[in-house]
Structures are given as structure tokens and as C-alpha cells.
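Open your viewer and get ready to click along.

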Amino acid sequence: MQMLVVDHPLVAHKLTALRDERTDSPTFRRLADELVTLLAYEATRDVLVEPLRITTPVAPADGVRMAAPKPLVVPILRAGLGMLDGMVRLLPTAEVGFLGMIRDEETLIASTYATRLPDDLSGRQCYVLDPMLATGGTLAAAIQFLVDRGARQITALCLLAAPEGVAHLERMLTSIEVPVTVVTAGLDERLNELGYIVPGLGDAGDRLYGVV
Ligand code: URA
């Protein structure tokens with residue numbers, strides 16, 4: 001597994017404001033959106049393109065266009081929805097599939113409650129959106145889901161990650177041949193006894209959408 005912690009002053013600035021408990025939901029949503037677009041820029045460095053010859057008003061020129069099959073963006077509901085607009089802003093031609101996953105707050109085990117994804121993901125580059133890589137259970141289950149459907153390459157975008165979650169993914173990925181990359185704005189210290197990232201930013205879903 002490749003892990004990329006994006007080191008950029010604008011990323012650090014937006015992450016700091018996201019972490020701040022005084023940041024209200026509308027501001028949190030806007031900042032998360034902007035931060036994801038910055039992460040998406042790094043996460044799509046190896047998105048598949050093909051050569052394209054065009055003509056400028058001055059002369060012929062060689063360029064590229066996005067190659068088929070289209071990339072697939074997969075927000076994990078509910079909090080991953082807060083990352084969707086920021087991602088598709090950079091990848092407007094991508095398709096979007098959905099995975100609804102919830103973790104049991106006592107056992108911290110993730111289960112799937114909704115899916116809307118193509119059955120066959122052969123050859124597809126998949127971008128999973130999951131704001132908090134905490135225990136890693138949810139992301140591991142999502143990756144396994146996509147691998148089982150034939151994904152060619154998986155990149156996870158997370159606002160924050162914990163070392164425990166990264167270790168969990170690394171263990172799980174020893175049995176998987178599909179290349180997986182995690183792109184995040186920060187690798188924090190640890191998880192607390194409730195499974196929250198420390199210092200983290202709290203419950204990402206609640207901060208995006210309120211406590212419902
Ligand atoms: N999910 C969250 O929303 N926050 C955490 O810190 C961990 C999991």
C-alpha cells in the first residue's frame with residue numbers, strides 16, 4: 001500500500017480550521033470541499049489518459065484526454081458525501097457509485113447497508129471517499145468490495161488517518177494484489193477508547209450534517 005500525506009501549507013491551513021471545534025457546519029462543509037479538491041489533485045496523478053492531437057488557433061499540438069473506462073468515484077455514506085463535490089470538480093466525467101457503510105459504535109465493526117455500484121469494475125480506477133481512516137474497518141470492507149468486483153486500482157481519499165487504521169489496511173492488503181493508495185491531509189497520533197482519531201476533528205458526519 002502506498003500512503004501519501006499531502007504536505008502543503010493550504011492543506012494544513014484548511015485542516016486546522018476543520019479541526020477547530022468552533023467551526024460551524026456550513027464552514028466545515030465548505031472547507032472539507034476545498035480540502036478534497038486539493039487532495040484530489042494529488043490523488044489523480046496517475047489517472048489514465050490517452051494521447052490527443054488538437055489544433056490551437058496557432059498550430060497543431062499534442063495533448064491528452066481522459067481514457068476509457070471512466071474513473072469511478074465511490075463516497076462511503078454518510079460522511080463521504082461531504083467529499084463528493086470536491087472530487088468530481090476535478091473529475092467531472094467520472095461515474096459515481098455509492099456504498100452505505102456503518103460502524104457499530106461498540107464493536108467498531110463495519111457493515112454494508114446500501115450499495116449502488118456497477119457489477120463489473122474490470123479495468124476501473126476507483127476513488128473511495130472516506131473522511132476518517134480510524135480503525136480501518138470501513139475502508140478495508142469497501143476496498144474488499146471493489147476488489148471482488150474486479151477494480152484495477154483503488155485510491156482512498158481521507159481527510160485524516162490514524163496509525164491503527166493504516167496498520168489494519170496494510171495487514172488486510174497483504175492478501176490483495178490490486179494496487180491501493182491512501183491520500184490524506186494528516187496522519188494523527190492515535191485512536192481513543194471510543195475509536196475516535198486523536199486529536200482528529202470529531203465525528204465527521206455530525207460536523208458536516210449535524211447530529212441526526
Ligand atoms: N469517524 C469519525 O467521524 N471521526 C473519528 O475520529 C473516527 C471515526
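A crossing is left-handed if the near helix is turned anticlockwise from the far one by less than a right angle, and right-handed if clockwise. This is a predicted model, in which local features need pLDDT of at least 70, side-chain atom pairs count only at pLDDT 80 or more, and totals for chains, interfaces and linings use all residues. Residues are numbered from 1 along each chain as its sequence is written, and side-chain values use heavy atoms, with hydrogens and water left out.

**Stop one: a helix pair.** Select helix H1 (residues 9–19) and helix H2 (residues 25–43), whose axes come within 10 Å and cross at roughly 155°. That makes H1 roughly antiparallel to H2 (angles over 145 degrees count as such). H1 passes H2 in a left-handed crossing. Now show side chains: Leu10, Val11, Lys14, Leu15, Ala17 and Leu18 of H1 meet Phe28, Leu31, Ala32, Glu34, Leu35 and Leu38 of H2, where contact means heavy atoms within 4.5 Å.

**Stop two: Met172.** Look for Met172 in helix H5 (residues 163–173). Its relative accessibility is 16%, so Met172 counts as buried (under 20% relative accessible area, with a 1.4 Å probe and protein chains only). Beyond residues up to four places away in sequence, Met172 touches Ala140, Ile143 and Gln144.

**Stop three: Thr184.** Move to strand E12 (residues 180–184), where Thr184 is found. Is Thr184 buried or exposed? Thr184 is buried, at a relative accessible area of 0%. Its side chain reaches the backbone oxygen of Cys158 at 3.0 Å, a polar contact being a pair of N or O atoms within 3.5 Å, one able to donate a hydrogen and the other to accept it.

Definitions and conventions
Axes fitted to C-alpha atoms, helices over the stretch in contact; angles between N-to-C directions. Helix = DSSP H or I, 4+ residues; strand = E, 2+ residues; numbered from the N terminus. Parallel < 35°, antiparallel > 145°, perpendicular 65-115°, else oblique. Buried < 20%, exposed > 50% of the residue type's maximum accessible area, 1.4 Å probe, protein only.
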